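Subject: Structure for your files

Hello,

Here is the structure I said I would pass on.

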Amino acid sequence: MSTIGRIHSFESCGTVDGPGIRFIVFMQGCLMRCMYCHNRDTWDTHTGKEITVEEIINEAKSYRHFMNASGGGVTCSGGEAMLQPEFVRDFFRAAKAEGIHTCLDTNGYIRKHSQVIDEVLEATDLVMLDLKHINDEVHHDFIGVSNKRTLDFARYLQKIGQKTWIRYVVVPGYTDSAEDAHLLGRFIQDMDNVEKVELLPYHKLGAHKWEALGLEYPLEGVEPPSKQTMDNVVSVIEQYHSNVKY
């Protein structure tokens with residue numbers, strides 16, 4: 001029987017969630033409570049649409065020409081993909097059997113390491129790991145949970161030599177200071193598995209989703225960072241890693 005997963009949606013020709021043109025599956029459910037979340041409607045683990053691995057791989061295969069020609073592939077994002085590791089594992093295995101590149105976009109909040117986590121990673125060509133903040137106290141206030149599990153997962157990726165991109169959202173007043181950037185830089189500086197650091201400027205494009213759910217948007221009034229702010233963060237992290245982009 002084909003493994004069943006619960007997804008929010010999929011995007012057929014994504015260009016920002018991994019290299020090349022990608023088929024992106026947004027998994028349903030997330031345990032983090034990021035104040036800037038632009039997919040607020042993915043938090044609930046009981047909503048979304050049920051779909052089988054067979055159905056989603058058949059959908060993805062129809063875009064294989066575009067993916068392969070651009071050096072792209074499939075990405076599992078969210079919500080948080082690793083809340084449904086069996087589905088991600090089997091989807092990635094099916095993609096690999098078709099010669100399709102696989103990318104895992106995760107916050108690394110792994111509740112318990114198990115064999116299935118290793119099986120997911122064995123079928124993963126690239127991990128994009130979202131590091132929200134290295135200061136655990138700030139992380140807890142800003143994201144709603146401790147960062148310990150995420151940082152442990154980051155260290156595990158280093159241990160096994162998993163090809164990884166680090167993603168870091170620059171939010172004015174929360175993650176944009178030189179001190180914040182130094183913390184991130186020092187954490188990753190010895191991780192030779194990290195190929196790139198992607199800085200993502202905070203945006204307000206998901207605020208309407210909070211409003212549609214009848215919720216107050218937590219960062220009302222916070223504006224996207226200026227180019228100067230982004231350049232400043234880049235200049236700090238470049239002291240620790242040579243490949244920093246935004």
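I began with Tyr109, which touches Leu31, Met32, Val145, Ser146, Arg149 and Thr150, leaving out residues up to four places away in sequence. Please keep in mind that this is a predicted model.

Tyr109 sits in the loop between β5 and α4. Its relative accessibility is 16%, and because buried means under 20%, Tyr109 counts as buried. One of its contacts, Arg149, is 40 residues away along the chain, yet the C-alpha atoms of Tyr109 and Arg149 are separated by 5.3 Å.

Asn107 belongs to the loop between β5 (101–106) and α4 (115–122) as well. Asn107 is buried, with a relative accessible area of 5%. Its side chain reaches the backbone nitrogen of Tyr109 at 2.8 Å. Not counting residues up to four places away in sequence, Asn107 touches Cys30, Met32, Glu80, Leu129, Asp130, Lys132 and Thr150. Met32 and Thr150 are therefore touched both by Asn107 and by Tyr109.

Ser146, another contact of Tyr109, is found in the loop between α5 (136–143) and α6. With 25% relative accessibility, Ser146 counts as partly exposed. Apart from neighbours within four places in sequence, Ser146 is in contact with Tyr109, Asp136, His139 and His140. The side chains of Ser146 and Asp136 are joined by a polar contact of 2.9 Å. The side chain of Ser146 also reaches the backbone nitrogen of Lys148, at 3.1 Å. Ser146 and Lys196 are 50 residues apart along the chain, and their C-alpha atoms are separated by 24 Å.

Then the helix pair. The axes of α4 and α6 (residues 148–160) come within 13 Å and cross at roughly 55°. The two helices are therefore oblique to each other. α4 passes α6 in a right-handed crossing. On the α4 side the contact is made by Ile117, Asp118 and Leu121, and on the α6 side by Phe153, Tyr156, Leu157 and Ile160. By class, the contact has six nonpolar residues, one charged residue and no polar ones.

That is what I have on these parts of the model.

Regards

Key
Residues are numbered from 1 along each chain as its sequence is written. This is a predicted model: local features need pLDDT of at least 70, side-chain atom pairs count only at pLDDT 80 or more; totals for chains, interfaces and linings use all residues. Side-chain values use heavy atoms; hydrogens and water are left out. Helices (H or I, at least four residues) and strands (E, at least two) are DSSP runs, numbered from the N terminus. Buried means under 20% relative accessible area, exposed over 50%, partly exposed in between (1.4 Å probe, protein chains only). A polar contact is a pair of N or O atoms within 3.5 Å; within protein, one must be able to donate a hydrogen and the other to accept it, and residues adjacent in sequence count only if both atoms are side-chain atoms. Contact means heavy atoms within 4.5 Å. Axes are lines fitted to C-alpha atoms, for helices over the stretch in contact, and angles run from 0 to 180 degrees between N-to-C directions. Angles under 35 degrees count as roughly parallel, over 145 as roughly antiparallel, 65 to 115 as roughly perpendicular and the rest as oblique. A crossing is left-handed if the near helix is turned anticlockwise from the far one by less than a right angle, and right-handed if clockwise. Ala, Val, Leu, Ile, Met, Phe, Trp, Tyr, Cys and Pro count as nonpolar, Asp, Glu, Lys and Arg as charged, and the others, Gly among them, as polar.
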